[in-house]
Amino acid sequence: MAGSTVQRNAGQTYALAVTTSAHTAVTINDTTNDQVNYTSFLNAGASSCAIRWGQSSTTLGTPVLPTDGTPGDYVLPANMTTPLILATPTTPYYLTAIGSGNTTLYVTPAADQS
């Protein structure tokens, strides 16, 4: 089917209630015996949010929303209508997020789409 994207889920969906304070690191893990290094993100709320991931919760640090002239972490736009699949570390990995306001972020491990 032209113009369509297939998402092959590889685990359960996590919901994060993201605020203007950094969310506690969450362990993202799959439910398959395949190597999983993609993740589907859907920001369902009215505020943008920055996400940060890593292999260790102790060295992850606090996510940063970029500001004028200052870099930050990857930003997911508000009110997403379709998920965005990004390459991420192999599961399990740790994820944290911070918002420009309150929002809900849905995170689902995803397998290779091929």
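The paragraphs below go through a predicted model of a protein chain, from its overall form to single residues.

The overall form comes first. The protein chain has eight strands and zero helices, and reading along the sequence gives the pattern β-β-β-β-β-β-β-β. Its C-alpha atoms fill a box of roughly 40 × 35 × 25 Å along the principal axes. A compact globule of 114 residues would have a radius of gyration near 13 Å, and the protein chain has 14 Å, so the two values agree. Of the 114 residues, 36% are buried. Contacts can also be sorted by how far apart the partners lie in the sequence. Among contacts with a separation of 6 or more, 83% are between residues 24 or more positions apart.

The next topic is how strands pair. Strands of a sheet are joined through backbone hydrogen bonds, and the pairing can be parallel or antiparallel. In this model, four strands form an open sheet in the order β1-β8-β3-β6, with antiparallel pairing. At the edges are β1, residues 14–18, and β6, residues 84–87, each of which pairs on one side only. From one strand to the next, the twist averages 30°. How many bridges join β1 to β8? There are five, and β8 covers residues 103–110. Within this pair, Ala17 stands opposite Thr104 of β8.

Strand β8 also holds a residue that can be followed in more detail, Thr108. Is Thr108 buried or exposed? Its relative accessible area is 6%, and buried means under 20%, so Thr108 counts as buried. Which residues surround Thr108? Apart from its neighbours within four places in sequence, Thr108 is in contact with Gln7, Asn9, Gly11, Gln12, Thr13, Thr39 and Ser40. With one of these residues, Thr13, there is a polar contact from side chain to side chain at 2.7 Å.

Strand β4 has pairings of its own. With β5, β4 runs antiparallel, and three bridges join the two. One example is Cys49, whose bridge partner in β5 is Leu76. With β7, residues 93–99, β4 also pairs in the antiparallel sense, here over six bridges. In that pairing, Arg52 has Thr96 of β7 as its bridge partner.

Side chains of opposite charge can pair when their charged atoms come close. A search of the whole structure finds one salt bridge. Which residue forms a salt bridge with Arg52? The partner is Asp73, and the closest N and O atoms of the pair are 3.0 Å apart. Arg52 lies in strand β4 (49–54), while Asp73 lies in the loop between β4 and β5 (74–76); they are 21 residues apart, and the pair links distant parts of the chain. The two residues also fall into separate accessibility classes. Asp73 has 17% relative accessibility, which is under the 20% limit, and therefore counts as buried. Arg52 has a relative accessible area of 23%, so it is partly exposed.

Technical notes:
Residues are numbered from 1 along each chain as its sequence is written. This is a predicted model: local features need pLDDT of at least 70, side-chain atom pairs count only at pLDDT 80 or more; totals for chains, interfaces and linings use all residues. Side-chain values use heavy atoms; hydrogens and water are left out. Two strands pair if DSSP finds at least two bridges between them. Axes are lines fitted to C-alpha atoms, for helices over the stretch in contact, and angles run from 0 to 180 degrees between N-to-C directions. A salt bridge is a side-chain nitrogen of Lys or Arg within 4 Å of a carboxyl oxygen of Asp or Glu. Buried means under 20% relative accessible area, exposed over 50%, partly exposed in between (1.4 Å probe, protein chains only). A polar contact is a pair of N or O atoms within 3.5 Å; within protein, one must be able to donate a hydrogen and the other to accept it, and residues adjacent in sequence count only if both atoms are side-chain atoms. Contact means heavy atoms within 4.5 Å. The radius of gyration is taken over C-alpha atoms; the globule rule is 2.2 Å times the number of residues to the power 0.38.
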